[in-house]
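User: Please take a close look at the charged and aromatic side-chain contacts in this model. I would like one connected account.

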Amino acid sequence: MMRSLILLAILVAAGTQGKTIPRIPVNRGSRIINGDNAVRSQFPGQLSLQISSSHSCGASILNENWALTAAHCVQWNNASSMTLYAGSINLSSGGTIHNVSEIVIHESYDAFDSYINDIAVLKVSNPFQIDGVDVKPISLPAQGQTPADNTVATVVGWGELGEHGPFSDTLQRVNILIVNHDQCNSIYEFYSYHVYDSQICAGVPQGIGGSCRGDDGGPLFIDGNVVGLVSWSRYCARPEYPTVYTKVSDYVDWIKQKTGT
């Protein structure tokens, strides 16, 4: 993912076709690689963010009117081109379509500075039908809470099943570990990227597993709370390159202010 800023700018501009930016090969958010099929009602807050009716990113339900995703997933698109698919683990059947009417990107988001503040909320014109089974708001962590190193976390999505592979029709999940912040930062500083305190890292140090293109904006769970949003990484799910996530706990107050959640 970490190419030069000039090349990155070219890639960002290419994202207007509803595709997420390729990882650096920094990569933007994948099928969950080496994951398992989710089961019905396991992740009822999960959404597919679709551009021109095609899956592009992950997102999560905040309340009946608002959803949460990464800023880079929406920065180059109009609300009129976006829909959110809810209520099913299968992209091809069973879900409901919700039109996006408003996009609110964090005021300090910067794609050219390690994707800092990579967070956005989306308002829908036809509300999510909350039933507590297949459609349910996510739980947020406490403002400022930081997960401990080596904590087991779960990332989910419909992204690529491998680098440059097809997207998955069935929602995937995989367990990964929170990576020490300083260690993660030292890895990426070699490529002139900085991992900020408002970002957390996670991966599988001893094996292959994690997120890739198409999982961007989707949730990272710990104990049922969404603690992270898939933001960027170098390649997909490689043990030597943890994925960097937006640390949701740093934005809880911002989310509440924008959405009334």
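Analyst: A salt bridge here is a side-chain nitrogen of Lys or Arg within 4 Å of a carboxyl oxygen of Asp or Glu. Asp-250 and Lys-247 form such a bridge, with the closest N and O atoms 3.5 Å apart. The model is predicted. Asp-250 is partly exposed, at 29% relative accessibility. Lys-247 is buried, at 7%.

By this rule the count is four salt bridges. One of them joins the side chains of Lys-258 and Glu-107, at 2.8 Å from N to O. Lys-258 lies in helix α3 (residues 252-259) and Glu-107 in the loop between β7 (96-105) and β8 (120-124), so this pair ties together parts that are 151 residues apart in sequence. Lys-258 counts as partly exposed, at 27% relative accessibility. Glu-107 is exposed, with a relative accessible area of 53%.

Arg-213 and Glu-160 also meet through their side chains in a salt bridge, 2.6 Å from N to O. This pair, too, links distant parts of the chain. Arg-213 sits in the loop between β11 (199-203) and β12 (219-222). Glu-160 sits in the loop between β9 (152-157) and β10 (172-179), and the two residues are 53 apart. Glu-160 is buried, with a relative accessible area of 3%.

Now the rings. The structure holds six aromatic pairs. Among them, Tyr-188 and Trp-232 have ring centres 4.7 Å apart and planes at 70°, so the pair is edge-to-face. The cut-off for that class is over 60 degrees. Tyr-188 belongs to helix α2 (residues 181-189) and Trp-232 to strand β13 (residues 225-233). They are 44 residues apart, and the pair links distant parts of the chain. Tyr-188 is buried, with a relative accessible area of 0%. Trp-232 is buried as well, also with 0%.

Tyr-235 and Tyr-241 make another pair. Their ring centres are 6.1 Å apart and their planes at 45°, so the pair is tilted. Tyr-241 is buried, with a relative accessible area of 14%.

Arg-234 lies over the face of Tyr-241, 5.4 Å from the ring centre. The charged end of Arg-238 sits over the ring of Tyr-235, 3.9 Å from its centre.

Definitions and conventions
Residues numbered from 1 in each chain as written. Predicted model: local features only at pLDDT ≥ 70, side-chain atom pairs only at ≥ 80, totals over all residues. Heavy atoms only, no water. Helix = DSSP H or I, 4+ residues; strand = E, 2+ residues; numbered from the N terminus. Buried < 20%, exposed > 50% of the residue type's maximum accessible area, 1.4 Å probe, protein only. Phe/Tyr/Trp six-rings, centres within 6.5 Å; stacked < 30°, edge-to-face > 60°. Lys NZ or Arg CZ within 6 Å of the ring centre and 35° of its normal.
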